[in-house]
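Visitor: I have a model open and would like to learn how to read it. Where do we begin?

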Amino acid sequence: MKTLNRNRLRAVGCGGFGRRLLLAACIAVLGACSAWTEPEGVGVATPDAGRDDPQLYAEYLAALRAYRQSAHKIVYVEFANDREEPASRAHHPASLPDSVDVVCLSHPETMPGWMAREVAAMRRDKGIRTVYAVDYEAVEADYQALAPDEEFARFAERRIDALFALCDAHGYDGVTLRYHGRSTLTMTDAERAEFASRQQALLDKAAAWRAAHPEKLFFFEGRPEYLLARDLLREADYLIMATRDATDVMQLTLRTLTSLRAHVPADRVLVAVSTASLDPSDTKTGYFSSADGTPLPALREAAYWVATDDAAFVKAGLVVGAVAADYHDASLSYAHVREAVSIMNPTPKYE
């Protein structure tokens, strides 16, 4: 697959064998690195690989950064950063698995000093990039809640400009444009004209930002088939399909095929699923249904789906929603995210 721009993460296949061997060797030695859970009592020592063996840790970080540049299925996680002060390690982006490629923060305007330092260190040391969403549906909801008497076009322009400006203000590595839209088939001429005007205003803003930031990551999430003009999609590094409410892997395929209309690139597809809810009575969130109705972990099933090639499009990786819910595990933090990564990007086996 050709490289569309210099910032596109290498995301197809499982190449970089030599680099992955080095990474596997480092991980074997540094098994505790970035995998510890909350200490249970006073006096429990927390592993610190950088302190215990700085030379080996430096080699590990170098191998990790090299891995980012190798061909692999990318892992994009959504992290809730709604706290000015963390209450546990689950609230620290730095506690995420090193195998994560991109972190999307839920509150881009919330960037206290401790978080900014973590994000900068993740980028510098591990090559993990941080983005946020410019969510058009959220802009519409804010309009209804905050300024229903104002002209929408004026409100939206001001709000969207402010959202895109956060990228430079807080040093983000890119943005995700989130837009689902809807079919125009049943609209009146007046409704369609209004819909087209609003959509084009958004796309013009996004295109202007992209032209000014060619070095940044740019994701599009939503229903590309509802875009009246799709030129901007060629500028997107990845397309995130509207699969958050999918109930089985077949729907991942069907939703993707439905969205891949004319002028929609098929070589950069990501699908989105959620981690399981922390509420034990919730057997829907984060689960797919098997043929007999048995709940199946959506993260695991989607990872196997991503790892299987499709002739119609390239499965470039996986988006994990509500990732912090997977932090809490008796034996290993983010155990299910780590499992999904190992399914999509298996470590080479050798004698």
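**Reading the model**

Guide: Helix α6 is followed by G171, whose phi is positive, near 70°. Helices (H or I, at least four residues) and strands (E, at least two) are DSSP runs, numbered from the N terminus. This is a predicted model: local features need pLDDT of at least 70, side-chain atom pairs count only at pLDDT 80 or more, and totals for chains, interfaces and linings use all residues. Residues are numbered from 1 along each chain as its sequence is written, and side-chain values use heavy atoms, with hydrogens and water left out.

Visitor: What span does α6 reach from its first C-alpha to its last?

Guide: The expected span of a helix is 1.5 Å times one less than its number of residues. Helix α6 (residues 152-169) has 18 residues and reaches 25 Å, close to the expected 26 Å.

Visitor: Which residues of α6 are buried?

Guide: Buried means under 20% relative accessible area, exposed over 50%, partly exposed in between (1.4 Å probe, protein chains only). In α6 the buried residues are F152, F155, A156, I160, L163, F164, L166 and C167. Seen down the axis of α6, they fall within an arc of 150°, so they line one face of the helix. That arc is taken from the directions from the helix axis to the C-beta atoms. R154 and A169, on the other side of α6, are exposed.

Visitor: What covers the buried residues of α6?

Guide: Look for contact, meaning heavy atoms within 4.5 Å. The cover includes β3 (129-135), α5 (136-146), β4 and α7.

Visitor: Now strands. Which way do the residues of β5 point?

Guide: In a regular strand the side chains alternate between the two faces of the sheet. Here L217, F219 and E221 point one way from β5, while F218, F220 and G222 point the other way. For strand β5 (residues 217-222), 6 of the 6 residues are buried, so the strand is largely enclosed by the rest of the structure.

Visitor: In which sense do β4 and β5 pair?

Guide: Two strands pair if DSSP finds at least two bridges between them. Strand β4 (residues 174-179) and β5 are parallel, over 6 bridges. V175 stands opposite F218 in β5. Strand β6 (residues 238-241) also runs parallel to β5, joined by 4 bridges. There, M241 is the bridge partner of G222.

Visitor: Which hand has the unit made by β4, α7 and β5?

Guide: A crossover is right-handed if, with the strands pointing away from the viewer, the path from the first strand over the helix to the second runs clockwise. β4, helix α7 (residues 189-212) and β5 make a right-handed β-α-β unit.

Visitor: How many salt bridges does a search of the whole structure find?

Guide: Side chains of opposite charge can pair when their charged atoms come close. The criterion is a side-chain nitrogen of Lys or Arg within 4 Å of a carboxyl oxygen of Asp or Glu. The search finds 22.

Visitor: With which residue does R178 form a salt bridge?

Guide: With E78, the closest N and O atoms being 3.5 Å apart. R178 lies in β4 and E78 in strand β1 (residues 74-79), 100 residues apart. R178 is buried at 16% relative accessibility, and E78 is buried at 14%. E78 also forms a salt bridge with R244, at 2.5 Å between the closest N and O atoms.

Visitor: Which parts does the pair of D173 and R123 tie together?

Guide: Their closest N and O atoms are 2.7 Å apart. D173 lies in the loop between α6 and β4 and R123 in helix α4 (residues 113-126), so the pair ties together parts 50 residues apart in sequence. D173 is buried, at 10%, whereas R123 is partly exposed, at 29%.
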